[in-house]
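Let's read a few features of a model together. Have a look first, and then we will take them in turn.

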Amino acid sequence: MADKSAVERGRDVKVPISPSIPSGNDTAWVDVSSILRRASDDIQSDELINGENFNLFAAMSALEIMDPKMDSGIVSTYYSVDEAIDNGAAPIPLSFDRTTDTQCVIDIMDHLLSCEATWHKGGSLAQTVFSCIYLLRPERTSSHALLHSFCRVVRTTCNAVVSTVSDVRTNEEEDLFVMAYGLPLKADGDEKCLSMLNAVEETLARQLKACKALSSKRRVLEDIEPLQGNLDFEEGFCRAVLCRLRFRKHFYHVLTCMRRPQGKGLEVAKKHIFSCLSELDSMLKSEEFLRHTYACGISEDGLEDKTTASGRQPIGFDSTLNSRSAAPTPPRAIKLLSWKRAVNYFQKLLHDLEIICSNSLDSVFESALRFVVDFQKFEPDLVARAHIQHLLVQDGKLYGCEPIFSVICKAALLPEGAKNHELQKNETVVQLGQLVVNLLRVLCTNTAWQRRKLGKILQDWRIIYVQLELAFRKEFGEITSTSTDQNMCLKICKHILIWVEEQTYSVALRFLVLGFELELYATSEYCMVYWYIYVILIKLTEKTHLRMMLSNESRRRKSKKKRDIVNDMGKDYQIPPTVLLLQCYIYVAEGLMMMLASLRNENKLFLCVGPFNTEQERFMQQFELLQKAFVPDHASYFSYRETISNARFSTLSMHNCFKDAQKIAKGLHGNFANDPDRMVELRRIEQVAEHNAVALNLVCRLGTLEPSLKISFEFVHHPHFAVASVKRS
């Protein structure tokens, strides 16, 4: 073994082969404790070693992580549903005392809500919703109208959710979500669930009206049997049951309306969403009544973790009942969301669905992209993301009505007639349409999945550009008709090629900035990340500007005579606001890159050092997918080093990029006055630029940083552009 003192000092030592472990011809066993100790000291919290033969997937496959989603529980109380029923686990009626029976039904309703929310969050359907024995044997509840109607609508709702998620294939993110394991998601008569629910709701409304009349000593117009036996509690129980039934009814309507083609049910769905939110508020208000009505024997401790509003344990459930058929993985018990957290989940889900329903259904590609990206800022869960994807892409068309080639022509700023050109039948153009649809779908996935997919499709966008070039040359060469057709074909080819390049750089930019949201970059890597963002933004701005210039030139040629065009060319050209906004980003990225480079060069701060990965290796690990796709051309580690090697604060003080960004951002207020989201973004950029300009001036004035001064970079004003903070420790 190696000398212990040498190992503790962190020096590399020559270690003899251990005699207790036999070595082969090509292998030898050595003590690597010193290397592991140095690696451990170098790695920060939340960082992971990544290498050619060791990555996150390999680590997860090797380690037993005991995630409840992957581990469904082997211990079971009963071996079958019939055995559970025979042992009285799910009695009908729930109690011969009608008050207790009503309370038990409310507990089942609440527990099912917790089960459904846990399922939506990625749990197994078999261990959440279908842990309810009453759902596993639908025919048994037919004699109990209230429970029977509620179980039917829950089952039908689950089936609708599974159908939506499966159709758009969002379940790839949570592959357990749509696995039914042979469970009865459909039962005879489920299509009549709403008519049954309406009948029960009408009866409950009459019972509530009757008990109100009795309490106010008014004459009751009809003789109606109360919901339960204790008249003092009648109104409270009626209200508690009614709001739960009405929530179920409206939530089912929300799901069915949002599945209507071409977004035709969005307005109706929005009305039902408001009703759902109102009923959820009523459910929360009923909590106090339910807790204090039958709170005997229930401890106040741990009430927040209970899966019912009353705090009692519901009857008719066994989460281990389906464990043997639940999943092809090592089994383990699952933890349900509490009732309050379940209500909060559904409130958030409904707010997310409301945002989807507010979509203007504008068939402009940029608008659709912005809507999805803005929607993702709310961190929607799987069900909401499935619905936005279902709305965006239906039958291979945008919103189910606009053909993808027409969308591309509009995005490339081509004239209206271009969308009917024969070029749309070209095989490569059809493949481009599929790539556009795939991009929309990828943008609807969760952030981590989205970033992985964006990195992989970058190469597809580069390849399709080359294929389009070849296809267009062939197509243009085969045109033998009039010069008008030639001009139109040439225009379409030119505009689409520029647009494809622009989208490629847009995808690359999205890929890079998502790394900040996922916290994938160490502070020592910010310099190279902002350098890459800077070079991507330059290319993106260039292509965006070129596309707009081509469109403006075409319009001018159409509307003016030849001599007017010549006169116009002498006038000052106004840069489009969209291009100026991109220029703002360029200045901020450049400023951050050069500030970090100067801190590295002059103060030896934020250097990429460590026993395992060199800076060049980190560069390749972070940007491997961009490098493979050659996005952009000639971008490499060596060009990055060349850019930052001579950065000095003396140079930065003469040309302050942050002040330029601030100036442009202020000038754009008038252009985006009617766009609230863009105005918010401009204010963020201004704040980032202003704070960084102040920090840069301070550092330049101080020259060499004192040991007591600490500089850090924080994302306090913008999710992707950091702000430098200089503090005295």
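**Reading helices and a sheet**

Q: How many residues does helix H21 have, and how far does H21 reach?

A: Helix H21 spans residues 577-603, which is 27 residues, and reaches 38 Å from its first C-alpha to its last, close to the 39 Å expected at 1.5 Å a residue. The expected span is 1.5 Å times one less than the number of residues. Helices here are DSSP runs of H or I with at least four residues, strands are E runs of at least two, and both are numbered from the N terminus. This is a predicted model, in which local features need pLDDT of at least 70, side-chain atom pairs count only at pLDDT 80 or more, and totals for chains, interfaces and linings use all residues. Residues are numbered from 1 along each chain as its sequence is written, and side-chain values use heavy atoms, with hydrogens and water left out.

Q: Is H21 mostly covered or uncovered, and what follows H21?

A: H21 is mostly covered, with 21 of its 27 residues buried (under 20% relative accessible area, 1.4 Å probe, protein chains only). Lysine 604 follows H21 and has a positive phi, near 60°.

Q: In what order do the three strands of the open sheet stand?

A: Strands of a sheet pair through backbone hydrogen bonds, either parallel or antiparallel. Here the order is S1-S2-S3, with antiparallel pairing (a pair needs at least two DSSP bridges). S1 (393-394) and S3 (402-403) stand at the edges with a single partner strand each, so one side of each has no neighbour in the sheet. Two bridges join S1 to S2 (residues 397-398), and valine 393 has leucine 398 of S2 as its bridge partner.

Technical notes. Buried means under 20% relative accessible area, exposed over 50%, partly exposed in between (1.4 Å probe, protein chains only).
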